[in-house]
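Hi,

Here is the structure I promised to pass on. Have a look at it first, and then read my notes below.

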Amino acid sequence: MKRVLIIDDEPLIRQALKKLLIRNELEVVVVGEAGNGIEALSELERTRADILFLDVRMPLMNGFDLLQRLQERNMAVMTIILTAYRDFDYAARAIEYGAFGYLVKPIDEKKLVEMTIKAGRKIDEERQAETAKRQLAELRKTSYLERLLAGEETGFAERPEGMPDFLDGCGRLVVVRSSNGVDSRIGGSGDPAVIAYKGELILLYRTARELTDEELAARLTKDGAAEHPCGISAPFAREENIRLAYRQAKAALFYRDAAGEPPIYRFAERMTAPGDEPDALTDQRRLEQLSEKLELGLLDEAWTMIRGFTETLELRKDEDLDAVYRQYYQFATAIKHNLPRLEAPEPVKKQLAELGLAELAAYSTLSEIDAFFERLFAALAPAATVEDAERVVHKIKAYIRENYAQDISLHLLAERLYLSKNYISAVFKQKTGVNFLEYLTNVRMEQAKLRLERTEKGVHQIAEEVGYKNTSHFGKVFKQTVGVTPAEYRQRRYANP
């Protein structure tokens, strides 16, 4: 959906143009209007319009002067000139200054529609090109970093835009972990370089001198990272040391988890980076599989996996006992992260919340640790088998919220939950007051309203994204539920922000 601004000194022309745009249901919304160029500058700053309908003859500042101001301020907007026949040469001159096209007054409705559609397509093409350019630059930067982390040779000629040169200055690498995955709010200013890597964010700082702990904490706060757990590497001065810096930052993050330290944790020489131990990559894959079992509530299978881990760790305890304790702590952390899904008893929650690396290390033998986890899973088992009505409804709601864009039916839910369709239907209506289809429709409509408010996507695309293959049917359901058509809803939101 493109934002439109109409600039003309005649109010009747502005109103007529606005009505024509609405009547033809174009993928545009009128976000403002003005009677002269000075007012137009203010409205452009406020609305950030995509398409500008601009009269060339106006008081105070005419259309031609406005175009010059826009060029001077580097404000890109797709401009369509409105002109009378006697102003044709003037309009042609304005086009030389960047206007997209012109319409002759009185405005022909068919030409207005054609010009608006062309302008919208041109905007889409430019945005797609810019997006592709950014994605390519990000891909090159990520690929370059991954090769550095793997210890591969690169060569300075390959350094992509956005990657700092560490030959002149002090480098620091920070690994940032968010419980909700990669946080797009972190960084974004170009300093530091920010790269998404394996579900975390890597921040690369280059400063003229080594920062103190207080200065680095202030930088992380400024860049939006300090609210998340952060592991910080030791200072480094050469690009080939990025791999070591990454491992140091991961080690700091691990020790922060184990020791229960504050969010920002700095690497110290006593730390060993995860992955230094034998078979570390295999252990990591198994740990990911363990988390998946816990997410699905498959406690028996999860316990079997831990027992298999124990056999492997038994062989390694004489080589590095600390590594064995760290691996068990990761087991506990994986269980802790899945407690909300398992609805664990309060005593179990409390025990895991207070569990740290030091508490695990108090167990003198692997058999004692093994017994601890066996008791833990025995306590979790009752919570995993509770399938009362409240829990069934919770699962149905969660599934709808996550899959509303898909073809959802009672039959599908019955198969997934191993329950009858009649039982699901009755329980859901009893606990929520609405039937399954009404709840699904309400979720889809709320998602549609969010997209109409916050994006510029067309109604057809929004319909598909919320689970409707037929745009006409989506429009009817939307009006029945919300009371207005999607186009009217979007127009009202822009009129009353």
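Let's start with the sheet. It is open and built from five strands in the order S2-S1-S3-S4-S5, with parallel pairing. Strands here are DSSP runs of E with at least two residues, helices are runs of H or I with at least four, and both are numbered from the N terminus. Two strands count as paired if DSSP finds at least two bridges between them. At the edges sit S2 (28-34) and S5 (101-104), each pairing on one side only. Ignoring direction, neighbouring strands are turned by 25° against each other on average.

Before going on, a word on where this comes from. It is a predicted model, so to speak of local features we need pLDDT of at least 70, and side-chain atom pairs count only at pLDDT 80 or more, while totals for chains, interfaces and linings use all residues. Residues are numbered from 1 along each chain as its sequence is written, and side-chain values use heavy atoms, with hydrogens and water left out.

Now to S3 (residues 51-55). Five bridges pair S3 with S4 (residues 78-83) in the parallel sense, and four bridges join S1 to S3, also running parallel. From S3 the chain crosses through H3 to S4, in a right-handed β-α-β crossover (with the strands pointing away from the viewer, the path from the first strand over the helix to the second runs clockwise).

How many of the five residues of S3 are buried? Five of the five are, where buried means under 20% relative accessible area, exposed over 50% and partly exposed in between, with a 1.4 Å probe and protein chains only. Ile 51, Phe 53 and Asp 55 point one way from the strand, and Leu 52 and Leu 54 the other way.

Next, the helices. H1 (residues 11-23) lies across S1 (2-7), S2, S3 and S4, and runs at about 175° to S2. H2 (residues 37-47) packs on the sheet too, touching S1 and S2, and its direction makes about 145° with that of S2. For these angles, axes are lines fitted to C-alpha atoms, for helices over the stretch in contact, and values run from 0 to 180 degrees between N-to-C directions. Contact means heavy atoms within 4.5 Å.

H2 also meets H3 (residues 63-72): their axes come within 9 Å and cross at roughly 35°. On the H2 side the contact involves Gly 37, Ala 40, Leu 41 and Leu 44, and on the H3 side Leu 66, Arg 69 and Leu 70.

A residue from much later in the numbering comes in here as well. Gln 491, in helix H21 (residues 486-495), is buried at 17% relative accessible area. Apart from neighbours within four places in sequence, Gln 491 touches Lys 18, Ile 22, Val 29 and Val 30.

Finally, some backbone details to look up. Lys 105 and Pro 106 are joined by a cis peptide bond, with omega about -5°. Glu 25, in the loop between H1 and S2, is not a glycine but has a positive phi of about 50°; Glu 25 is exposed at 67%. Leu 60, in the loop between S3 and H3, has a positive phi near 70° and is exposed at 72%.

Cheers
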